[in-house]
Amino acid sequence: MKPRLRTEYGDFQTPAPLAEEVCGLLTRIGVSPAAVLEPTCGRGSFLLASERAFPECKIVLGHDVNPAHVAAARAAVDRSRVETADFFEKDWEQTLHSLDDPLLFVGNPPWVTNSALGAFGGKNLPSKSNFRRLAGVDAITGKSNFDISEWMLTRLLDLASGRMATLAMLCKTVVARKVMLHAWKAKLPIQRSAIYRIDAPAYFGAAVDACLLVCILKPRAHSAECDVFDCLAAAEPTSTFALRGDRLVADLASLARYGHLFGPSPVKWRSGIKHDCSQVMELRREAEPDTYVNRLGEVVRLEPDCLYPMLKSSELAKGASPSRYMLVTQRSIGDNTLVLRDQAPLTWRYLESHASAFDARSSSIYRNRPRFSVFGIGDYSFAPWKVAISGFYKRIEFRVVPLMEGKPVVLDDTCYFLPCGSAEEAESLAVILNSDQAKGFLEAFVFWDAKRPITASLLATLDLDALAAEAGGGWSSGRPSLPLASGAPVA
């Protein structure tokens, strides 16, 4: 396909050896379909592999939105029926009604998100909807974004509910988990499910964690666990994830050992400051007093009152010292930034000179807010000590963040932290958070292939009082913190 069309349709054709290996796995685990349906068949690799793996199958049916792919698939297969069809317009209920059980859905749906397609101007999309029914901040800060394949696979599972059916689809691993979460919360009759990891860079040249998701449905079944295998050839799973209550558990074995630490956190975890304007808001200090260089390379003079040493997620994870300063325009959400015009005129003129960059910020969190607003800001942002962790990096390591040059260090919005009033409080917290017990608990819930493995909502499930009682360290949530350090913004 042309690059534009390949991007729009998330078109990564499945190599024939991979399709054959997938179908070989399905036969090994006892899948023997009466009908095979591939709703996005591309050039026919899975159709041909299905014909060979399931010779007793009555019908092998393929669909694709691209007429050129349909023509290529028809030329490649022996007995499959291939039709041109748009997944989002096809009447799948009518199609499935004509097919006998056991039914097999197989294939490789598009690896692209709805927001990426929307930004690109693509039209190969489901109708716009908040299909996960998110509300509030979750719906406006990016969590309503979803992979097209997630929408497709949940649709197929919903349609197959009540039938003898198997879904076997290549997809991103994070998509597979979201699909299983949907199935379990919807109480679909799942008999067994498994994830088999694949080497996406080798097969598709895609730097993403990917897998084969196998989900077997049977009327009145009710499994809520999914085995994870390291590869298609693996005979035994390396772990099992599951739904427990309303939460996904990454490793049932770790949960069994450390689940007693689950509970509401007695203190509130915070995220760093979000500004979505790093070229303007993040600066390096020069040797000349009150002189800084922004990420555009501009040399500017600014009052120091609104500038704070900052740690980015990467620096926090590596144990590095702050290398930049963040321009912080408010003390709390909604503060009037106009006060900077009189109290910090150099800073105000600098902000005004880059007003277009701030106005272009796409997130709705800045709408109807004072100009140059930030998000995730409060008194906690200026705590003199913090215990923090990076949300991005694949290790559980909490770091004490002290004052720097007498000013509190602020964090970017991919970091999570607890504000502390003293060094003693921060160091005591770090001891228990870096304990084997805390790490074991978090590993029960962390999916390391997620875009942001550590989140504030996850950290909030760790009962720090119970942890302190078990791990020691001398910390107690009942101990009052010292007053916050001075040095908050002039606003």
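## Basis of the model

Because the model is predicted, local features need pLDDT of at least 70 and side-chain atom pairs count only at pLDDT 80 or more, while totals for chains, interfaces and linings use all residues. Residues are numbered from 1 along each chain as its sequence is written, and side-chain values use heavy atoms, with hydrogens and water left out.

## The ten-stranded sheet

An open sheet is formed by 10 strands in the order S3-S2-S1-S4-S5-S7-S6-S8-S9-S10, with mixed pairing; strands (E, at least two residues) and helices (H or I, at least four) are DSSP runs numbered from the N terminus, and two strands pair if DSSP finds at least two bridges between them. Strand S3 (81-84) and strand S10 (247-249) stand at the edges with a single partner strand each, so one side of each is left without a neighbour in the sheet. From one strand to the next, the twist averages 20°, where angles run from 0 to 180 degrees between N-to-C directions and axes are lines fitted to C-alpha atoms, for helices over the stretch in contact.

Within this sheet, strand S6 (residues 190-198) and strand S7 (residues 210-217) run antiparallel and are joined by 8 bridges, and isoleucine 195 has leucine 213 in S7 as its bridge partner. Helix H9 (residues 173-185) packs on the sheet, touching S6 and S7 among other strands, and its direction makes about 170° with that of S6; contact here means heavy atoms within 4.5 Å. Helix H4 (residues 67-76) lies across strand S2 (59-64) and S3, running at about 170° to S3.

## Helices H2 and H3

Helix H2 (residues 16-28) packs against helix H3 (residues 45-53) at an angle of about 40°, and their axes are 8 Å apart. The two helices are therefore oblique to each other, a class that takes the angles left over when those under 35 degrees count as roughly parallel, over 145 as roughly antiparallel and 65 to 115 as roughly perpendicular. Residues making the contact include Ala16, Val22 and Thr27 of H2, and Phe46, Ala49 and Arg52 of H3.

## The four-stranded sheet

A second open sheet has 4 strands in the order S11-S20-S17-S18, with antiparallel pairing, and its edge strands, S11 (270-271) and S18 (399-401), each pair on one side only. Strand S17 (residues 385-390) pairs with S18 over 3 bridges, and lysine 386 has valine 401 in S18 as its bridge partner. Helix H17 (residues 423-433) lies across S17, S18 and strand S20 (415-420), running at about 30° to S17.
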